[in-house]
Amino acid sequence: MIRLAIQKSGRLSEASSQLIKDCGINIVNGKGKLKATASNFPLEILFLRDDDIPGYVADGVADLGIVGENVVAEKAKDIHIVHRLGFSKCRLSLAIPKADTYNSIADLEGKHIATSYPNILGDYLKEQKVNANIHEISGSVEVAPSIGLANAVCDIVSSGSTLFTNGLKEVEVIFRSEAVMIGSPEVNAEQQKIIEKLLFRIQSLQRAKNNKYILLNAPKDQLDAIIELLPGMRSPTILPLAEDGWYSVHSVINENDFWDKIESIKEAGAQGILVVPIEKMIL
Ligand SMILES: Nc1ncnc2c1ncn2[C@@H]1O[C@H](COP(=O)(O)OP(=O)(O)OP(=O)(O)O)[C@@H](O)[C@H]1O
Ligand SMILES: O=P(O)(O)OC[C@H]1O[C@H](OP(=O)(O)OP(=O)(O)O)[C@H](O)[C@@H]1O
Ligand SMILES: [Mg+2]
């Protein structure tokens with residue numbers, strides 16, 4: 001049995017639960033219950049405040065945790081990142097009132113900065129050789145300048161709309177974050193096996209998300225050019241159509257260069273192109 005700690009409620013909770021579900025793991029969680037056991041996988045889930053997750057994993061109370069990289073860096077515990085999960089991407093930035101001038105980080109010398117991330121900010125300022133006063137507050141950080149609590153803030157930014165609404169502008173990005181799976185340094189061989197089984201499923205899901213299944217029709221004389229453009233997992237599947245001289249080509253293409261590929265195969269003579277999502281992809 002392994003224990004996985006996820007956020008109880010907040011920005012990470014839905015995606016974390018969905019990930020477990022997509023791995024085919026069945027969790028029945030009564031409302032308000034802070035611990036649940038999977039019915040079809042040796043896994044127990046703890047629902048916690050995200051700030052507490054690195055500590056629980058470091059102490060070995062949980063074997064795994066899903067948390068923002070920003071929280072891992074802030075808590076600086078003896079844990080390692082087992083896998084990057086690619087959701088909840090955001091950045092930790094310094095911001096100041098819109099009307100203030102800003103040339104460089106040196107402008108913050110002697111200023112007051114409100115943040116929930118005193119350690120990451122403290123390390124950054126030290127590295128930049130800037131002396132500023134850090135005020136730790138646990139939330140609603142963006143309001144600090146307008147109520148006279150600080151000259152600047154250091155907080156999470158995603159779309160930038162919270163900064164904008166509060167009359168602030170982003171001046172430095174000091175940390176980039178995404179959700180990560182963290183692991184305890186002390187797991188036994190049997191638990192390690194279960195962790196690997198879970199990671200195998202997560203990787204199959206992530207790979208599937210990054211690729212699409214593609215089907216198209218091509219005349220015989222264009223087949224070689226199209227096959228060249230669509231290497232697939234091993235090589236594309238080629239099936240003859242009922243109409244003589246025509247073939248159906250099936251392959252897998254990566255999300256990154258998707259539209260470029262589509263244009264090239266169209267130019268090469270492909271017709272009736274269908275693109276289908278892949279649910280799981282196992283190499
Ligand atoms: N606007 C955002 N866009 C994307 N990711 C975000 C955003 N805000 C926060 N995150 C990420 O999600 C994590 C959790 O954010 P959330 O706001 O739910 O935390 P919290 O209020 O500290 O929650 P808790 O009540 O569990 O302590 C953050 O640590 C960060 O990694
Ligand atoms: O750049 P944006 O897209 O506006 O996102 C940034 C905001 O999102 C987070 O707060 P959240 O909404 O999670 O509320 P919280 O303060 O209760 O954590 C974060 O603390 C910022 O305030
Ligand atoms: Mg928190």
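**Ligand shell, cores and overall shape**

Modeller: Strand 9 gives the largest share of the shell around ligand 2, three residues. Keep in mind that this is a predicted model.

Biologist: Which elements give two or more residues to that shell?

Modeller: Strand 9 (152-157) and helix 5 (161-165).

Biologist: And which residues surround ligand 2?

Modeller: Arg11, Gly139, Glu142, Asp155, Ile156, Val157, Ser158, Ser159, Gly160, Ser161 and Thr162.

Biologist: How does the shell split by class?

Modeller: Six residues are polar, three charged and two nonpolar.

Biologist: Switching topic. In the largest nonpolar core, which residues touch the most other members?

Modeller: Leu4, Ala5, Val57, Leu64, Val67 and Ile182, out of 29 residues in that core. Among the elements that each supply at least two of its residues are strand 1 (2-7), strand 4 (64-68), strand 11 (179-183) and helix 6 (189-209).

Biologist: What does Leu4 touch, leaving out residues up to four places away in sequence?

Modeller: Leu43, Ile45, Ala62, Leu64 and Gly65. Another core, of 20 residues, lies apart from the largest one. Leu92, Ala95, Ala114 and Leu168 are among its residues.

Biologist: Now the whole chain. How many helices and strands?

Modeller: Eight helices and 15 strands.

Biologist: Is the protein a compact globule or more spread out?

Modeller: More spread out, because its radius of gyration is 25 Å, well over the 19 Å that the globule rule gives for 283 residues. The C-alpha trace spans about 80 × 50 × 35 Å along its principal axes.

Biologist: What percentage of the residues is buried?

Modeller: Buried residues make up 29% of the 283.

How values were computed: Residues are numbered from 1 along each chain as its sequence is written. Chains are lettered from A and ligands numbered from 1 in the order in which they are written. This is a predicted model: local features need pLDDT of at least 70, side-chain atom pairs count only at pLDDT 80 or more; totals for chains, interfaces and linings use all residues. A nonpolar core is a set of buried Ala, Val, Leu, Ile, Met, Phe, Trp, Tyr and Cys residues joined through C-beta atoms within 7 Å. A residue is buried if 20 or more other C-beta atoms lie within 10 Å of its own, exposed if 12 or fewer, and partly exposed in between; C-beta atoms are placed from the backbone. Helices (H or I, at least four residues) and strands (E, at least two) are DSSP runs, numbered from the N terminus. Two residues are in contact if their C-beta atoms, placed from the backbone, lie within 7 Å. The radius of gyration is taken over C-alpha atoms; the globule rule is 2.2 Å times the number of residues to the power 0.38. A residue is near a molecule or strand if its C-beta atom, placed from the backbone, lies within 6 Å of it. Ala, Val, Leu, Ile, Met, Phe, Trp, Tyr, Cys and Pro count as nonpolar, Asp, Glu, Lys and Arg as charged, and the others, Gly among them, as polar.
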